[in-house]
Amino acid sequence: MDDRINDLRDMINNVNQYRAQLEEQEQDHKTNFDRTTADLETDKRNKKRLLDELTRQYEFATIHNRKDEIIAQQYGRRIMTVSYTHLRAHETPEHLVCRLLLEKKKTKNTTTTK
């Protein structure tokens, strides 16, 4: 009889330990979920701030006709105007074929509309 009582006590202790482990895991999951939710909210606020700042910069640039400068700042390089001759000097064979086809199409459309 005492063996059965001891076995039942052991089983109750095991169940209580398992319940405590489950509660601890549940608390860990809840903490992780809360932390993840807070991180997502922070990311969302940071993205909104960045978007607001970029919008302000773009509006300022639009007012002062400096859109190219703002775009260049975002991509880390300057935008410069170059001559047509300069562009042609760096033209690759693929660019040349494309340009010639476009010019051919343009002249074809011009002659048909006259």
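## Tour of the model

Start at Arg-35: at 46% relative accessibility, Arg-35 counts as partly exposed. Buried means under 20% relative accessible area, exposed means over 50%, and partly exposed lies in between (1.4 Å probe, protein chains only). This is a predicted model, where local features need pLDDT of at least 70, side-chain atom pairs count only at pLDDT 80 or more, and totals for chains, interfaces and linings use all residues. Residues are numbered from 1 along each chain as its sequence is written, and side-chain values use heavy atoms, with hydrogens and water left out.

**Whole chain.** Zoom out. The protein has 4 helices and 0 strands. Its pattern along the sequence reads α-α-α-α. Helices (H or I, at least four residues) and strands (E, at least two) are DSSP runs, numbered from the N terminus. The accessible surface of the protein is about 11,200 Å², and carbon and sulfur atoms account for 56% of that. Accessible areas come from the Shrake-Rupley method with a 1.4 Å probe; for residues, only the protein chains shown count as cover. Of the 114 residues in the protein, 4% are buried.

**Around Asn-32.** Return to Arg-35, which lies in helix α1. Its side chain makes a polar contact with the side chain of Asn-32, at 3.2 Å. A polar contact is a pair of N or O atoms within 3.5 Å; within protein, one must be able to donate a hydrogen and the other to accept it, and residues adjacent in sequence count only if both atoms are side-chain atoms. What does the side chain of Thr-36 reach? It reaches the backbone oxygen of Asn-32, at 2.8 Å. Thr-36 is partly exposed, at 44% relative accessibility.

**Salt bridges.** How many salt bridges does the structure hold? There are 3. A salt bridge is a side-chain nitrogen of Lys or Arg within 4 Å of a carboxyl oxygen of Asp or Glu.

- Select Lys-30 and Asp-34. Their closest N and O atoms are 3.5 Å apart. Both residues lie in helix α1, 4 residues apart, about one turn of the helix. Lys-30 is partly exposed at 48%, and Asp-34 is partly exposed at 40%.
- Select Lys-48 and Asp-52. The closest N and O atoms of this salt bridge are 3.3 Å apart. Lys-48 is exposed, with a relative accessible area of 51%. Asp-52 is partly exposed, at 30%.
- Select Glu-53 and Arg-56. Their side chains meet at 2.9 Å, N to O. They are separated by about one helical turn because they sit 3 residues apart in helix α1. Arg-56 is partly exposed at 49%, and Glu-53 is partly exposed at 34%.

**Acidic patch.** Finish with Asp-2, Asp-3, Asp-7 and Asp-10. They gather in a patch of negative charge on the surface. Patches are made of residues with over 30% relative accessible area and no salt bridge; like charges are joined within 9 Å, and nonpolar side chains (Val, Leu, Ile, Met, Phe, Trp, Tyr) within 5 Å. Lys and Arg count as positive and Asp and Glu as negative; His and the chain ends are not counted. Centre on Asp-10, which is in helix α1 (residues 2–63). Asp-10 is partly exposed, at 45% relative accessibility.

Key. Charge placed at Lys NZ, Arg CZ, Asp CG, Glu CD.
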